[in-house]
Structure formats: C-alpha cells, structure tokens
Amino acid sequence: MSKINPKEELASIRNMMEKSSKFSNLSGLSIFFTGLLTIIAASVIYFDIGFSYSDVEISYSQLINNEGSKENLDQKIRLLSLIASVILALSLLILYVTASKKTKREGIKLFNPTFKRTVRSLVVPLVSGGVFSFFLIYNQMYGLVAPATLIFYGLGLIAASRNSYDELEVLGYVELILGILASYFMGAGLLFWVIGFGLGHMFFGSYLHFKYDKAS
Amino acid sequence: MKGFDQLNKAFESRVRLGLMSILSVNSWVSYKEIKDLLEVTDGNLASHVQSLEKIKYLEIKKQFIGKKPLTTYKVTKMGKEAFEKHIEGLEKLLLK
C-alpha cells in the first residue's frame, strides 16, 4: 500500500472505462478523406463537368427536373447509383484499412464489442433509410433521395454516438437538420449532401485527428 | 491521511482495478472480452475474478450459446459501491 499513485490509478480507471465502452478506432484523417471524396464526386455530378457515359450526361439538375426521355433518366439514375456505390465502397475501404492499422498499433481488436454495438445501433436507421431511398427512386421521386439519406444517416449517428465518440451526436444533428432543410429546398439536395457528407465529415475528421489521434 | 482509509484493499492490484473499471460501465461482459481488454493471462485473470466473486463484488453467469460455454460477469451493487468509495478515496488523495 506504500507506493500508491492516485493520479495514475484514476487515469487508468478512466482509460479502461472508455476503452471498454466506446468505439473509437476510426482514424480522423480517414474520415476527412471520405468527406473529400464525396465532395469531388458530387461536384463532378453537380456542375456537369462534361462527364458522360455512352452519350448520357450525368447531371443532377436534369434528373431533378425530369428532363429528357424516360430511358435517358433510367440510365442516369443507374449511373448516379453506380458512382455513389463506388464512393461508398471506397470510403468504407479507407475507413477499414486505417482502423485496422490503428487498432493493431494500439494492440486491440477491431471487431470488439464496442464496434459491434456501434454497428448494431447504426444498422436499423441506415437500412431503413436505404430501403426508403430505394423506393423513392423506384417511384421516381429523385429529389427526395438526398434529403432522406441525410436524415436517416443523422439518426444513425445520433444512435451510434452512445457507443462511440460523443461528438458523433453533434454531427448526427447537423446531418438531420441539413436533411430536413434539404427536403424543403428539394432541388438543392445535392448541395446539402455536399455540406453534410462532404464538409461535415471533413470537419469532423480533422477535429478527431487533432483532438485524439495527434494527442496520443 | 485523508482519503487513505477509504481505499479498498480488494482493489490493490492493477488487474482488479481494470476489471472493476470495465464492469462498472458495462453489464455482463464475457471472460474473453475482459481478457483481451486487460491483456492478461488466463490464470492471472481467473484468480482475480475468483477472489472478487468470493467477497461478492462480482456476479457470474454461466450459460451455453449452442454448444459453447459462455461465462459473463457483472458487478454487484455491493461491488459498485465499494468501487465508488475507492475512487472517492483516490480523488481525495489527489487533492492533498
């Protein structure tokens, strides 16, 4: 009992409480880059930078305003979904690679209970959002897809924040509010998407980077 | 020394302190999860778990998931109170 260091002991208690209950393996920089990726992809679509595939211009504004023939629209929506899927897959890959590196360095497992809990809380809002968005596309209500994804993603983050970074809750509310605003300004959905998914993640990622990653 | 008398001898070891920290913020944590988090050997953890259970700070639940046995732990009300008092003691020592 002679050499007790209360400061060290309290620190280790707090550390273990955090480590065992919060999922914090995502690297800030990787989140930043997923945001950047989103902005690049969305800008290509939004500003019609002459990106075309078999004579179909990929243009968000044309899509929203139901311009062009039905066939044309179908092809556009397929192309947009393809781009979105590629971006999503790439982002997940970046997150996965960096997170597994980070956990290896810290000597903990990536697929730990807090990770599972975080994923579980994300799944319900995200899957329902995905299905809902699918039906929006199915019923040709393209303009509401961007707002809907923002809203459901925001709800997912708010739910996940209990098992992860507290700051996720803030990001969640930001996405939620952006989604609601985007529902009103329907034509500008992609712009809100750029703000929410792009800038939002860039800010959040750099915040995490400087607050946690760099500090440790 | 103020606060010193509030320290609990049961929490003197690093492993027990870590064990209580994990269980005070999570309920029903499996043996393997605890082992991974604390980075200790089987024998080491088992003996600490046993002694904490003996003084009724821990509750043990053994069950089967399919054919695999699963042992999970939870802190008892008594254990929680004891741990809180211990933390309080540490905090008081820190203020001095």
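Me: How much area do chain A and chain B bury between them?
Reply: In this predicted model, chain A and chain B bury about 1,900 Å² between them, with 68% of it on carbon and sulfur atoms; buried area is the accessible area (1.4 Å probe) that two parts lose on being put together, summed over both.

Me: And how many residues are in contact there?
Reply: On the chain A side 18 residues are in contact with 25 residues of chain B, where contact means heavy atoms within 4.5 Å.

Me: How many salt bridges does the rule find across that interface?
Reply: The rule finds zero between chain A and chain B, a salt bridge being a side-chain nitrogen of Lys or Arg within 4 Å of a carboxyl oxygen of Asp or Glu.

Me: Switching to chain B, what is the strand order in the open sheet?
Reply: The three strands run in the order E1-E3-E2 with antiparallel pairing, and the edge strands, E1 (29-30) and E2 (58-65) of chain B, each pair on one side only. Strands are DSSP runs of E, at least two residues, numbered from the N terminus, and two of them pair if DSSP finds at least two bridges between them.

Me: Which residue of E3 is the bridge partner of B:Val29?
Reply: That partner is B:Tyr73, and E1(B) pairs with E3 (residues 68-75) of chain B over two bridges.

Me: Back to chain A, is A:Tyr138 buried or exposed?
Reply: A:Tyr138 counts as exposed because its relative accessibility is 58%, given that buried means under 20% relative accessible area, exposed over 50%, and partly exposed in between (1.4 Å probe, protein chains only).

Definitions and conventions. Residues are numbered from 1 along each chain as its sequence is written. Chains are lettered from A and ligands numbered from 1 in the order in which they are written. This is a predicted model: local features need pLDDT of at least 70, side-chain atom pairs count only at pLDDT 80 or more; totals for chains, interfaces and linings use all residues. Side-chain values use heavy atoms; hydrogens and water are left out. Helices (H or I, at least four residues) and strands (E, at least two) are DSSP runs, numbered from the N terminus.
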